[in-house]
Amino acid sequence: MDQRVEDNEHSPAVKADAYREVAQCTAAGEISEFAVIAEGEERTTWFIWLLVCCCTISGLLFGYDTGVISGALVTIKGDLGPSQLSNGEKEFITSATTLGALLGGLAAGVMSDWTGRRPVLGIADFTFIGGAVGQAVSRTVWSMVGCRFLVGIGVGLASCVAPLYIQELSPTRLRGRMVVLNVVMITLGQVIAYGIDAGFTNVSGGWRWMVGLGCVPAAFQLVMLAYLPESPRVLVRRGNMEAARKVLSRLYVLASSSQVDLKLKVLHATVKQSIEIANSTTFWERFISMSTNPVNRRALVVGCGMQAFQQLCGFNTLMYYSASLFQEIGFNQPTAVGLIISGTNFLFTLFALKYIDLVGRRRIMIFSAPGMVVGLALASIAFHYMTIHTGGSLVAGAHYSQGWAGVVLLSMIIFVASYATGLGNVPWQQGELFSLEVRGIGTSLSTAINWAANLLIGSTYLSLMSAITPAGAFGFYAGLCLLGWLFCVFCFPDLSGLSLEEVQNVFKTGYGIKESARLRRVKREIKEREKLICESQP
């Protein structure tokens, strides 16, 4: 080809015509991979970091309030009436948070569709503050249960809406990392909780400080919410195009004005379709479509399946009961040992933060889940040999081999490291699975499944340990992890690098494993071609 003709094809004018052509196709209802590319999608600015960091305080609260109870349970002693809390009372206190989170998560996504994402985070902060203060002044088991339930509602609201809000505000190629940053804050909250637990362990009434300090970050976030923008998708749905464009221009600061306009046009075309669907159907009809519409049903199966896997693996039993478990097997500083577990969780979540968008959601799950199976199987073996002389059960006051206790700790580290690398963060990418008109419903249902499975595991853990022995319980969790890994192999597509609008095409003919790979390959080729075009300019 003549060089002048080739240069003309790469000229800014020709590229502008191409953008306009794509925009026209998009306005007609076709979502093009090329249409969503804008300069600077891989860059972060102070604005993005500010809004994400403010949002991730919800993750910090989530982690803190679920982690702090582990140390509190071993230091409450007789402060709530009984001289010692029974296993049943411990399960009630622990499960109350999960039940509240189940209800809060079920309502959160739907609420955020009506009110916007930001107000729901504010409601969550109020419940965090009320629950934290209430726990700190509790005098009875049931008042403690009630306040833990209130905190749980806040956890459920935050766990559903914070990742959704971050996804809708993040540039496409940063979306995975930004959501993982929220998970990093969850794990950091658990580390802080264990550190505060360790610091107040020997203080009279120290558990009241443990649970009460949760109100501090909640109050801070409540103030900061006044400075955060609403999701551009919510703004477009409300018809406020100017405000949506302003938010997009601050997200894509290196993009040209025409690229931002194209982004907005793509967004408007998709949101318009969602508005038309929403206006022509009732909430109940959209809810029913989650099971009758094949695309929505497949997305829901993936979202709920991944969330169920995250909890049924048994991880949160470590968050709730690790101090009690390590105390029973002979560690003198069980809360400090629990800090090793939460620290491992935090460090390996940082690993996921760096690599989730580079490696891809699917690949990181396929390679990390087997490590969880190995860790739990090793724990089962260690518990078997450790408890042979006590009939397979953990008996209070009995002496156990410190060698096998060390193997238990090692197995937990392997399990938690594998969990934090993949399963701890990937399911929270759930908002990207659903189209806008059912995104609130889909995320609510997926989050509810998470907390329902959490409630099942948390409320049965101590009973399961007693009924089938610790070796049996951890072997059972290992089997569930194996089933979860098979689910990922056959049903979980990789949505890394695809816009929230493009994901709608993935589930049209199946679970989208091959289709998502094709779309991602096309986008890479387009990006490489655009790079060559830019480099060829004089």
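**Helix packing and aromatic pairs**

Ala108, Gly109, Met111, Ser112, Asp113 and Thr115 in helix 5 meet Arg117, Pro119, Val120 and Ile123 in helix 6, with contact meaning heavy atoms within 4.5 Å. The model is a predicted one, where local features need pLDDT of at least 70 and side-chain atom pairs count only at pLDDT 80 or more, while totals for chains, interfaces and linings use all residues. Residues are numbered from 1 along each chain as its sequence is written, and side-chain values use heavy atoms, with hydrogens and water left out. The residues of this helix 5 and helix 6 contact split into five nonpolar, three polar and two charged (Ala, Val, Leu, Ile, Met, Phe, Trp, Tyr, Cys and Pro count as nonpolar, Asp, Glu, Lys and Arg as charged, and the others, Gly among them, as polar).

On to the rings. Searching the whole structure turns up 13 aromatic pairs (rings of Phe, Tyr and Trp, its six-membered ring, with centres within 6.5 Å; planes under 30 degrees apart are stacked, over 60 edge-to-face and the rest tilted). Phe62 and Trp428 have ring centres 6.1 Å apart and planes at 90°, so they pair edge-to-face. Both Phe62 and Trp428 are buried (under 20% relative accessible area; exposed is over 50%, partly exposed in between, with a 1.4 Å probe and protein chains only). For Phe383 and Phe474, the centres are 5.2 Å apart and the planes at 20°, so this pair is stacked.

Methods:
Helix = DSSP H or I, 4+ residues; strand = E, 2+ residues; numbered from the N terminus.
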